[in-house]
Amino acid sequence: MKSTHPSAVPPDHPEKRRRIQLRRNRRLQGLCLAASLALLAVLLTLANLFAPDRAFSEQENRKLAGFPAFSLQRLADGSYFADLEKYTADQFVGRDMWISLRLRAGRLLGQKESNGVLLCRDHYLMELPAAADTKNVSRNLSAINSFAAQHPELNMYMTVAPNAVSILQDKLPRNAQIPDQRQQLQDLRSGLAGVQFMDVTEALSAHSNEPLYYRTDHHWTTRGAYRAFEAMAPQMGIDDPITDYEIYTVSERFEGTLASKSGSHGVCDSIEIYAPKTQTEYYVEYPDLQKTVCSMYQRDCLEQKDQYTVFFGGNHPRVDVVTTAQTGRSLLLLKDSYANCFVPFLMPYFDRIIMIDPRYYYDSAEALLARYEITDVLFLYNASTYFTDHSLADVLTP
């Protein structure tokens with residue numbers, strides 16, 4: 001019987017030569033792959049070394065980390081390397097492309113979250129709220145109550161709008177772990193003194209079949225703001241609110257910050273403007289820009305990445321809306337960006353609306369009260385921002 005063991009095959013046998021060639025091909029393929037990966041690593045390293053740093057990402061609508069300052073103390077406590085890691089991640093060449101590629105690969109594996117964004121049903125992207133900053137929540141609450149106690153003559157209101165993860169729970173991925181914002185809002189209400197808390201959770205939930213939140217962005221839509229205003233108006237002493245509006249669709253290609261943050265670019269949103277049918281006229285002052293305009297909307301922002309800035313051109317330290325309403329009421333509004341599309345609903349009912357964004361405003365709100373004969377104060381935030389905010393108390397402190 002002839003042996004079939006490979007060693008029994010003669011050196012010049014065709015099968016022997018084929019095996020030898022296969023081994024050579026595998027080695028060559030391995031060398032080519034290793035060389036390609038090494039070349040790619042070198043090219044990416046050189047690109048990252050020589051590419052200029054970006055200060056801001058239009059795709060993600062946020063500031064990007066800069067190169068950290070070195071010190072022995074920061075080296076010892078580990079903060080230097082932590083900041084260096086953030087810098088490397090933010091400034092990596094082709095960051096947006098890599099995020100998209102990672103998302104596509106993750107979805108093939110059943111991934112339901114990308115970079116802090118939940119990938120939900122019906123093409124909704126929802127921001128996963130960060131854990132509440134209990135220290136600053138307590139600090140802000142104390143500052144609000146102290147502010148209210150010092151000014152009992154003022155009508156003070158507060159609304160913290162729940163985010164999409166709380167209202168559109170039927171669209172969440174299965175077993176998604178989200179904070180209980182309803183309980184957070186109840187705890188906030190119970191801790192307030194001298195401030196009327198207006199919870200719009202049920203009002204929004206009753207219309208959850210409507211487009212209350214953008215699919216690609218973390219803001220509520222103008223429709224969502226309108227539903228909130230409907231619930232808030234009677235509590236703010238607006239007894240006969242306008243119900244007739246001219247509704248304009250100003251964009252159908254809005255792709256918000258959550259699309260960029262997650263790398264998901266499958267759909268676009270529409271942006272609507274609700275113009276109340278009223279004889280009240282107004283103008284808008286921007287003290288930081290030293291300019292006055294006749295509209296709450298900036299249409300040139302529709303040509304930018306973040307089209308939500310069509311409302312007041314985005315966030316500013318302070319914006320004043322001066323009207324011909326002649327109601328004898330003036331409103332101080334302490335807010336985040338959710339208020340930008342909400343303020344047009346308030347315009348017909350106040351002679352002046354002073355919008356303060358504590359994240360960018362570095363003076364005290366106290367001086368504004370007497371100077372502009374403020375009669376009403378409204379705190380308007382979204383829950384994700386409010387429960388992580390560290391700026392509000394500073395503005396309320398004289």
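In this model, which is predicted, one place to begin is an open sheet of 3 strands, whose order is E3-E4-E5 and whose pairing is antiparallel. Its edge strands are E3, covering 113–114, and E5, covering 125–127, and each of these pairs on one side only. Strands of a sheet pair through backbone hydrogen bonds, and they may do so in either a parallel or an antiparallel sense. Between E3 and strand E4, which spans residues 117–119, the pairing is antiparallel and extends over 2 bridges. To find one of the positions on E4 by eye, look for Val 117, which is the bridge partner of Ser 114.

The next stop is strand E12, residues 318–323, where 6 of the 6 residues are buried, so this strand is largely enclosed by the rest of the structure. Buried here stands for under 20% relative accessible area. Along E12, Arg 318, Asp 320 and Val 322 point one way, whereas Val 319, Val 321 and Thr 323 point the other way, and all of them are buried.

Which strands are joined to E12 by bridges? One is strand E10, made up of residues 282–286, which runs antiparallel to E12 and is joined to it by 4 bridges; within this pairing, Glu 285 stands opposite Asp 320 of E12. Another is strand E14, residues 352–356, which also runs antiparallel to E12 and is connected with it through 5 bridges. Here Val 321 stands opposite Ile 353 in E14, and Val 321 is one of the buried residues of E12 described above.

Technical notes:
Residues are numbered from 1 along each chain as its sequence is written. This is a predicted model: local features need pLDDT of at least 70, side-chain atom pairs count only at pLDDT 80 or more; totals for chains, interfaces and linings use all residues. Side-chain values use heavy atoms; hydrogens and water are left out. Two strands pair if DSSP finds at least two bridges between them. Buried means under 20% relative accessible area, exposed over 50%, partly exposed in between (1.4 Å probe, protein chains only).
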